[in-house]
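Have the model open as you read.

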Amino acid sequence: MMDSETMILYLETLIQEKTFTQAAKKLYISQPYLSKSISSVECELKTKLVDRNASPIRLTYAGERYLYHLRKIRNRYAEMVNELSLVSQLDYGRIRIGVHAIMGSFLLPLILPSFNSKFPGVKIELIEQNPSLSESDLIENKIDLYLGMDSVTNKKLAYKELTRDVWCMIVPQSSSLYQTDKTEVCRFPFPISTLNNEKYVLTSHQSAIRKQTDLFFDKHDINPTIVLESNNIGTVAALARQGMGITFLPKSALLENESFKNYTIYDFETKDLMTTYFIAHLKNKSLSASDKAFMESARESLMDSYIL
């Protein structure tokens, strides 16, 4: 069979020029040779690719699908070549990544082990800091990538969405919303209004999780009784498990083996409680092979995890 690149060229030119004569002229080949080449492929496939009776000449539906798949094969081959080229450049390298310490504590374990096993020669430098510092460091070229959550507001940055993560709520036995027979994460079964008059342990106001929690409370007219605040999501989750109050957290921040001893974990069927994780980079900066490989590896790792 004729190679796919040649067939793509022949069929695309035929569509453009609308006759075999004009197409052959543009391709600098004879008209009989062009017609015979396409007929040979039609014979091999046992189907007509070109409607020779139409004026102007056009592809049959089979011909349209054939051309579509040839283009798809060409694109996939190009992706493979680019990927192999990328891998060959990754024997050594360095990536400086800005990330919030709290978010990194539960998200990085899902990303870094896989990347390190694929590219052990690439050194990762983590800069754990607040999102605003990571954004400014990205602009000043002090870091290469910024791993964050929810929206980027700086127009100088470009971002790639990695995945979305549903939120869960840890409800201790001391709450009226606790259910004794639940040993796995389940959908919240009560009206949202029942979240009123409950005690909460929450992350501090500057955290993205807290900001979204406050928006959720405002939307549903919930007046929380906040017992304690912490900068660490792991701390508030541990305190909730021990009965101090309810807390919210992304599903990815749950323990790998939750005991469900004296607490229930609910999730919600609402977009109000959902986190988007992304990787940001400077918009006009050329990404290195290491940067590109990390971004793709992070996306694949999170797709394979239990996040959405």
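Helices and strands here are DSSP runs numbered from the N terminus, with helices being H or I over at least four residues and strands being E over at least two. On that basis the chain has nine helices and twelve strands. Its radius of gyration (over C-alpha atoms) is 28 Å, well over the 19 Å from the globule rule for 308 residues (2.2 Å times the number of residues to the power 0.38), so the chain is more spread out than a compact globule.

This is a predicted model: local features need pLDDT of at least 70, side-chain atom pairs count only at pLDDT 80 or more, and totals for chains, interfaces and linings use all residues. Residues are numbered from 1 along each chain as its sequence is written, and side-chain values use heavy atoms, with hydrogens and water left out.

The C-alpha trace spans about 85 × 45 × 35 Å along its principal axes.

Now for the largest pocket. A pocket is an open set of points on a 1 Å grid over the protein atoms alone, where a 1.4 Å probe fits, with protein on both sides within 12 Å along at least five of seven lines; lining residues have an atom within 4 Å of a point. The lining has 27 residues, with Met-149, Asp-150, Ser-207, Ala-208 and Lys-211 nearest the centre.

The largest share, seven residues, comes from α7.
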